[in-house]
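Here are some friendly notes to read alongside the model. Please keep the viewer open as you go through the points.

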Amino acid sequence: MPLNVPPGVLKEMQEVGRDLYRLALVTSHGGNLSVRAGHDMWITGTGTMLGHLEARHISLVHAGGSHEGPPPSSDTVLHATVYALSGAQAVVHAHPRHAIALSFDAGVFVPGDFEGQLHLDEVPVIEQGPRQVEQVAHSLAASRAVLLRGHGAYARGATLWEALHWITALEESAHIAWLRGHHGPR
Ligand SMILES: [Zn+2]
């Protein structure tokens with residue numbers, strides 16, 4: 001039985017998930033989304049297709065870590081840590097390809113274009129490893145978006161739409177940086 005996901009939460013997850021997939025910011029089965037619900041959160045199930053979300057793909061994770069519905073995303077602890085450390089109401093994880101490409105050789109990504117400077121300022125790049133969860137969550141308390149080196153981006157917002165805005169702004173800035181030839185270490 002699918003959970004009784006609030007219609008507004010389901011609709012936002014479906015629309016933002018579809019946009020992420022259609023904008024090629026995730027593969028067919030990549031990425032994840034969550035929305036805070038008091039001390040709980042709604043989060044996409046592990047291995048679900050963000051472009052084709054239904055209520056049966058959404059899990060409810062409680063503050064203690066137990067869940068209802070399908071097995072929640074493998075990123076659940078990260079999302080929970082972001083909510084614990086910040087006032088975020090929603091978190092998006094995606095795989096924006098130009099941003100990932102730039103993340104391999106940079107400690108921070110500084111957008112050069114107007115929109116990126118306006119919305120993102122500096123985007124920290126976190127090293128993969130045993131401390132990545134706390135480092136990503138800690139960085140997201142101060143920054144709207146962060147990059148996990150060679151993997152992807154996390155963004156937080158008051159809504160999933162806002163987090164989508166930061167993911168798309170990041171990828172646009174990274175794509176522009178790539179076109180300008182800024183591929184190397186900085
Ligand atoms: Zn990922």
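This is a predicted model: local features need pLDDT of at least 70, side-chain atom pairs count only at pLDDT 80 or more; totals for chains, interfaces and linings use all residues.

1. Residues are numbered from 1 along each chain as its sequence is written.

2. Take helix H1 (residues 7-22) and helix H6 (residues 160-179): their axes come within 10 Å and cross at roughly 15°. H1 and H6 are therefore roughly parallel to each other. On the H1 side, Glu 12, Met 13, Val 16, Asp 19 and Leu 20 meet Leu 160, Trp 161 and Leu 164 of H6; two residues are in contact if their C-beta atoms, placed from the backbone, lie within 7 Å. By class, this contact has six nonpolar, no polar and two charged residues.

3. Helix H2 (residues 76-85) packs on helix H5 (residues 132-142) at an angle of about 40°, with the axes 9 Å apart. The residues that make this contact include Val 77, Leu 78 and Thr 81 of H2, and Val 133, Glu 134 and Val 136 of H5.

4. Which residues of H2 are buried? They are Thr 76, Leu 78, His 79, Ala 80, Val 82 and Tyr 83, where buried stands for 20 or more other C-beta atoms within 10 Å of the residue's own, exposed for 12 or fewer, and partly exposed for in between. The elements that these buried H2 residues pack against include H5, strand E5 (90-94) and strand E9 (152-157).

5. E9 is itself mostly covered, with five of its six residues buried. E5 and E9 run antiparallel and are joined by five bridges (strands pair if DSSP finds at least two bridges between them). Within that pairing, Val 91 has Arg 156 of E9 as its bridge partner.

6. Strand E8 (residues 145-148) also pairs with E9 in the antiparallel sense, over four bridges, and Ala 145 stands opposite Ala 155 in E9. E8 and E9 form a hairpin with three residues between them, and Gly 150 in the turn has a positive phi of about 70°.

7. Finally, have a look at Ala 55, in the loop between strand E2 (40-44) and strand E3 (58-61). Ala 55 counts as partly exposed because it has 16 C-beta neighbours inside 10 Å. Leaving aside residues up to four places away in sequence, Ala 55 touches Pro 2, Leu 3, Val 5 and Leu 10. Its C-alpha atom is separated by 9.7 Å from that of Met 13, 42 residues apart along the chain.

Notes: Axes are lines fitted to C-alpha atoms, for helices over the stretch in contact, and angles run from 0 to 180 degrees between N-to-C directions. Helices (H or I, at least four residues) and strands (E, at least two) are DSSP runs, numbered from the N terminus. Angles under 35 degrees count as roughly parallel, over 145 as roughly antiparallel, 65 to 115 as roughly perpendicular and the rest as oblique. Ala, Val, Leu, Ile, Met, Phe, Trp, Tyr, Cys and Pro count as nonpolar, Asp, Glu, Lys and Arg as charged, and the others, Gly among them, as polar.
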